[in-house]
Amino acid sequence: MTEPTRTRSQDAEDREDIGTNTSVNATFGDVVAARFDRRDLLRGLLGVGAIAAVVTPRALAAGSARAADGAAASPFPFKEIAAGSDERHHVAEGHDADVLIRWGDPVLHGAPAFDPRNQSAAAQGQQFGYNNDFVGYFPMPGAADPAAHGLLVVNHEYTNEELMFPGLGRQDLKSVAFAGMNAELVGIEMAAHGGSVIEVRKTGGKWAVVPNSPYARRITATTPMTLTGPAAGSERMKTKADPEGRRVLGMINNCAGGTTPWGTWLTCEENINYYFSGKLAEDAPEAKNHKRLGIPGNAYAWGRFDPRFDVGTEPNEANRFDWVVEIDPFDPASVPKKRTAMGRFKHEGAAGIVSKGGRYVVYQGDDQRFDYVYKFVTEDAVAADASANRDILDRGTLHVARFDKDGRGTWLPLIFGQGPLVPENGFASQADVLIQTRLAADAVGATKMDRPEDVEANPKTGKVYVMLTNNASRKPEQADAANPRGDNRFGHIVELTPDDGDHAARGFAWEILVRCGDPSIAAVGATFSSATTKDGWFGMPDNCAVDAQGRLWVATDGNSASRTGRNDGIWGLETEGAGRGTAKHFFRVPNGAEMCGPYFTPDDATFFVAVQHPGEADEDDPNAKPATFEAPSTRWPDFDPSMPPRPAVIAITRRGGGRVGS
Ligand code: FEO
Ligand code: CA
Ligand code: CA
């Protein structure tokens, strides 16, 4: 058998194909099918075009309305960039997109200069980590201009050893099986994970990192953290190194996240299964639990050099990962807290909003094919005094979404002792419900979705947007006239409307905002508005941001020259009025990269975005050579022949000032 030559990020996508959800719950496709079967019967509609009309009638109406209004009516009046692929990044005319910080740049005082041929764990632990993902901005209290001076928090999701280390190449393939890895390289990888806190300031319209800031911090895969909430101290959290089950070293695969109104950073562990290796007996107590999360995932060599990542040696260690971590960025000595009340699954993000009654509601996607959308609702109301909210995320109710065929939905609470969450079904406590969140969600009948990524509420409209990135594993035979994309390669976006405008409500209405992909190919079944240009459509929505004006911006992961004729990037997407479903291309990443981060300063004058894994190969191109440190698909952002590509955070501003994207 030939070794797959997928890139590391694509290999991660492929691993999502391993269906770990064997429950019989309805898939989102089943629900959509049922819903539109009924409507089709009512309306007597037939065919793909008719289905598109059923899905987003307002979107299809938009084209003519927008044409009549003229471009000035668009909430995204910027001049669209051309979709395409090359070694550089591109931003809409009239904007600057400046590199703020790159992998290896100093974060801590005294950090050594970046030398890619002389890396060490000690150096990396003081420098900006790899694969920047979530970006959050906190205005500096007391700053003259809070939108021009603050702290930036950044997740470092994972590492690409083939692009980071000279002469190494891919290590996670069966034919190689980490032959080139050693304790030193694993140590560097661990130090390149986690997150960074940096102080940033805008002077004369340009952002820069404040050197030697007292707030500067690196968090890594070995930083001491505490487990808090109902699962802390559970027998299933105890390890040889931590007999109390309350103290864990590090956070890993932190994807997206959120910022809270009380000034903390929520950073979300996603594909933690990749880091575990070894063998667990079929009848071991954690076997079923681990299997449901794809543990061990064997994508890194860590278990060889640190026995806690070997499931045979330390079967409970994995239970201490895949949580939402809360960090106070203003106190570099603070101990990060893994908030177990918020559930354990492959968290994409944790974007929150205050409910009508003042409680904090955190929406969360579980990014796996056929997994679920969750929300956590705190028991207590958010207090005006920030310190009173210190442990507010330890008490509350986790819910999982069921989408019904009539366009309604219900948030099902995951509470020990209620419904099927009882000892006979393997749940002897709330700790069990949380440690096995996916199994609990299976039991209550949640709806299987097409890889839920970011889920964000729009404070202006009260609506909630769910990015469903793709699901090529939905079999074509599951597709029907109402759900024409059994093989959902391009994803879609679902809009939720909470009952009574209350994010804490149990009920909601839902509809599809847009099905993604090329709308000019009828078989794709995309439903962007007809005002969307050939550059304006996108595939694989992943992260998103809502700006202060209530505009939705979508970041993508998985577009490429060979797949969609375009690199990933940012698109503005209209959600309201005649233009609903119209997308417009604002920014694109260099070859091999995905688009992460998107986060606005409170004045919308700066848009921070993160370029992740630049330089990977275009895996769908049969002629593409494997990307390595020596031969990347781009040397962005330095374009120095002696430098590898470097993941980096970019600050986008409007030349001459003003709101980005206007
Ligand atoms: Fe880390 Fe789901 O993207
Ligand atoms: Ca993501
Ligand atoms: Ca993704």
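The legends below describe close-up views of a predicted model.

**View 1. The calcium ion (ligand 2) and its protein donors.** Glu348 (OE), Asp542 (OD) and Asp542 (OD) coordinate the calcium ion (ligand 2), at 2.2 to 3.0 Å. Glutamate 348 sits in the loop between β13 (337–339) and β14 (351–354), and aspartate 542 in strand β25 (residues 541–546), so the pair ties together parts that are 194 residues apart in sequence. Glutamate 348 counts as buried because its relative accessibility is 1%, under the 20% cut-off. Aspartate 542, at 2% relative accessibility, also counts as buried.

**View 2. The calcium ion (ligand 3) and its protein donors.** Glu453 (OE), Asp542 (OD) and Asp557 (OD) are the protein donors here, and they lie 2.3 to 2.4 Å from the calcium ion (ligand 3). Along the chain, the donors of this ion follow the spacing E-x88-D-x14-D. Aspartate 542 in strand β25 and aspartate 557 in the loop between β26 and α12 are 15 residues apart, and the pair links distant parts of the chain. Aspartate 542 and aspartate 557 are both buried.

**View 3. Aspartate 542 between two calcium ions.** The calcium ion (ligand 2) and the calcium ion (ligand 3) are separated by 4.2 Å. Aspartate 542 coordinates both ions.

**View 4. Surroundings of serine 560.** Serine 560 belongs to the loop between β26 (552–556) and α12 (561–564). This serine is buried, with a relative accessible area of 8%. Apart from neighbours within four places in sequence, serine 560 is in contact with Ser85, Gly565, Arg566, Asn567, Asp618 and Asp620.

**View 5. Surroundings of proline 116.** The loop between β2 (95–102) and α5 holds proline 116. With 5% relative accessibility, proline 116 counts as buried. Leaving out residues up to four places away in sequence, proline 116 touches Met164, Pro166, Phe629, Ser642, Met643 and Pro644. Proline 116 and proline 166 are 50 residues apart along the chain, and their C-alpha atoms are separated by 7.8 Å.

View 6. Proline 296 is located in the loop between α8 (287–292) and α9 (302–305). Proline 637 is part of the loop between β30 (606–612) and β31 (648–654).

**View 7. Positive phi at asparagine 131 and phenylalanine 370.** Asparagine 131 is not a glycine, yet its phi is positive, near 45 degrees. Asparagine 131 is placed in the loop between α5 (121–124) and β3 (132–139). The relative accessible area of asparagine 131 is 0%, so the residue is buried. Phenylalanine 370, likewise not a glycine, has a positive phi of about 70 degrees. Phenylalanine 370 lies in strand β16 (residues 369–371). This phenylalanine is buried, with a relative accessible area of 14%.

Technical notes
Residues numbered from 1 in each chain as written. Chains lettered and ligands numbered in written order. Predicted model: local features only at pLDDT ≥ 70, side-chain atom pairs only at ≥ 80, totals over all residues. Heavy atoms only, no water. Donors = N, O, S within 2.8 Å, 3.2 Å for Na, K, Ca; no water. Helix = DSSP H or I, 4+ residues; strand = E, 2+ residues; numbered from the N terminus. Buried < 20%, exposed > 50% of the residue type's maximum accessible area, 1.4 Å probe, protein only. Contact = heavy atoms within 4.5 Å.
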